[in-house]
Amino acid sequence: MFKSYQVGTIYGIPFRLDVTFLVILPVFAGLIGAQIELVVPVFNSAFGTDIDPGPLTAGMWPWVLGLVAVLALFACVTLHELGHSAAALYYGYEVESITLWLLGGVAKPAEIPRNWVQEFWIAVAGPLVNLVIIVVCVAMLLVLPPVDVLVFLLLYLAVLNLLLAAFNMLPAFPLDGGRVLRALLARNRSYLQATRIAVAVGKGFALLLGLVGLLALDFILIAIAVFVYIAATSEARQMRFDAAFEGITVTDVMTPVRELETVDATLTQSEFLNRGLGNRHTGYPVLENAEFVGVVTRGDVQSSQKLQKTVATVMTPVDGLDTVGPSTPVMEAFRRLGQEDPRPVAVVDAQENLVGFITQTDLMRAFKIVHERQESHTPQEPSQSRKPPNRQRTPRSRACHHRPESSDSTGEKKLRPDRTRGDS
Ligand SMILES: [Zn+2]
């Protein structure tokens, strides 16, 4: 995905449009419009309808119908993603965003469930929405007056939703069907093993899709195949990463409070810089009368224009700090570290006492532990039952790829199939 813009929120979930979506929209509208003449006879013979293609292909009608159809299609893709999102919210997971892009929609969960029942239902919720839309389309066809334009659009949407549901249920991880496969595999094996198998099957499907795409010279199919392959590989890597860090907690790698270099709240910012404090660590606890009151970073001081003032004027006060408990999994803590100005995350115990800091330097220590562990024995695989929902945050988007149809010489419609992170 490329640059995306938030255009609103749906039930509190940021709704974004990727630039590739904005570019592809008129292209798909044109493709659909240009296909009407081919599609109408197919509908007439398949569904016993009597649509007259003449008026539908006259003047501006192909464009109007193409635009309406593509907007309705992306609305269906959005509903599909909302299906995944609703199921995720039901199980207590946050959804970071829903994005429409070149190849369809992506609902990006804040984390991926490690519970097979939850993953199963979150994955099938999307295609189930498409089936509901088909039922609605059919019901409207039965109830509404048989106006050609209406019949064409409703049939078109019903067929596209069927293809969307079918395509997404291909067992090509990370498509919905691949997630269903992993969920079912995880019933009696670890998530790491289940992911390995699902990823292998997904890659096989990606190669198959790519081969078909090459033979048919269908570049969109090739793009989908490449996308599925890359997404499957990245998910597998993330899973191995999470598995390697399994069991390592904040306590194992944090800098304990007795080893922290602290600064006094009365220290001026220029003194802070003159002492070279900013160069040794990324952030410092600020003490006032020996009590922890906040954190000051080099970035805070460097961006300040008033160096004669005290560090307390630019610090992040204690109540504005991100905190974790000593037993928090280390990956969770690291995901909370800022990217540009890596402000340390404060470690506080159940009584709200500061017990240490987690910094990027500590991350390197965690890597070392993992490395040593791998040297001595193989890493433990995560068990699906041990992890409560709020632990493993996986900064990746779930991938569902739903793209509007493309046409090839057979007039057949194909659908395309998410951290990066998604996002990927
Ligand atoms: Zn989906």
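**Exercise 1. The open sheet**

Solution: 
- The order is S5-S12-S11-S10, and the pairing is mixed. Strands pair if DSSP finds at least two bridges between them.
- Helices (H or I, at least four residues) and strands (E, at least two) are DSSP runs, numbered from the N terminus.

This is a predicted model: local features need pLDDT of at least 70, side-chain atom pairs count only at pLDDT 80 or more, and totals for chains, interfaces and linings use all residues. Residues are numbered from 1 along each chain as its sequence is written.

**Exercise 2. Inside the sheet**

Task: Find how S11 runs against S12 and against S10, then locate the partners of Val347.

Solution: 
- Start with strand S11 (residues 345-348) and strand S12 (residues 354-358). They run antiparallel and are joined by four bridges.
- Now take S10 and S11. They run parallel, with two bridges.
- Val347 in S11 stands opposite Val324. In S12, Gly356 is the bridge partner of Val347.
- Move along to Val348. Opposite this residue stands Leu354 in S12.
- Last, look at the hairpin of S11 and S12. Five residues lie between the strands, and Glu352 takes a positive phi near 70°.

**Exercise 3. The whole chain**

Task: How many helices and strands does the protein chain have, and what share of its residues counts as buried?

Solution: 
- The chain has 14 helices and 14 strands.
- Of its 424 residues, 43% count as buried. A residue is buried if 20 or more other C-beta atoms lie within 10 Å of its own, exposed if 12 or fewer, and partly exposed in between; C-beta atoms are placed from the backbone.

**Exercise 4. Helix H6 and its surroundings**

Task: Which residues of H6 are buried, and which helices do they pack against?

Solution: 
- The buried residues are Asp176, Gly177, Gly178, Arg179, Val180, Leu181, Arg182 and Ala183.
- That is eight of the 10 residues of H6, so the helix is largely enclosed by the rest of the structure.
- The buried residues pack against helix H4 (116-143), helix H5 (148-168) and H7.

**Exercise 5. H6 against H7**

Task: Describe the crossing of H6 and H7, with its handedness.

Solution: 
- Two packed helices are described by the angle between their axes and the distance between the axes.
- The axes of helix H6 (residues 176-185) and helix H7 (residues 191-215) come within 8 Å and cross at roughly 150°. Axes are lines fitted to C-alpha atoms, for helices over the stretch in contact, and angles run from 0 to 180 degrees between N-to-C directions.
- The crossing of H6 and H7 is right-handed. A crossing is left-handed if the near helix is turned anticlockwise from the far one by less than a right angle, and right-handed if clockwise.
- H6 brings Gly178, Leu181, Arg182 and Leu185 to the contact; H7 brings Ala194, Thr195, Ile197, Ala198, Val201 and Gly202. Residues are in contact if their C-beta atoms, placed from the backbone, lie within 7 Å.
- By class, there are six nonpolar, three polar and one charged residues in the contact of H6 with H7. Ala, Val, Leu, Ile, Met, Phe, Trp, Tyr, Cys and Pro count as nonpolar, Asp, Glu, Lys and Arg as charged, and the others, Gly among them, as polar.

**Exercise 6. H4 against H5**

Task: At what angle do H4 and H5 pack, and where does Leu154 sit?

Solution: 
- H4 and H5 pack at about 160°, their axes 9 Å apart. That makes H4 roughly antiparallel to H5 (an angle over 145 degrees).
- The crossing of H4 and H5 is left-handed.
- The contact includes Ile134, Cys137, Met140 and Leu141 of H4, and Leu154, Leu157 and Ala158 of H5. The residues divide into 15 nonpolar, four polar and no charged.
- Leu154 lies in helix H5. Leu154 counts as partly exposed because it has 18 C-beta neighbours inside 10 Å.
- Leu154 touches Cys137, Met140 and Leu141, not counting residues up to four places away in sequence.
- The C-alpha atoms of Leu154 and Ile134 are separated by 8.8 Å; the two residues are 20 apart along the chain.

Methods
Contact = placed C-beta atoms within 7 Å. Parallel < 35°, antiparallel > 145°, perpendicular 65-115°, else oblique.
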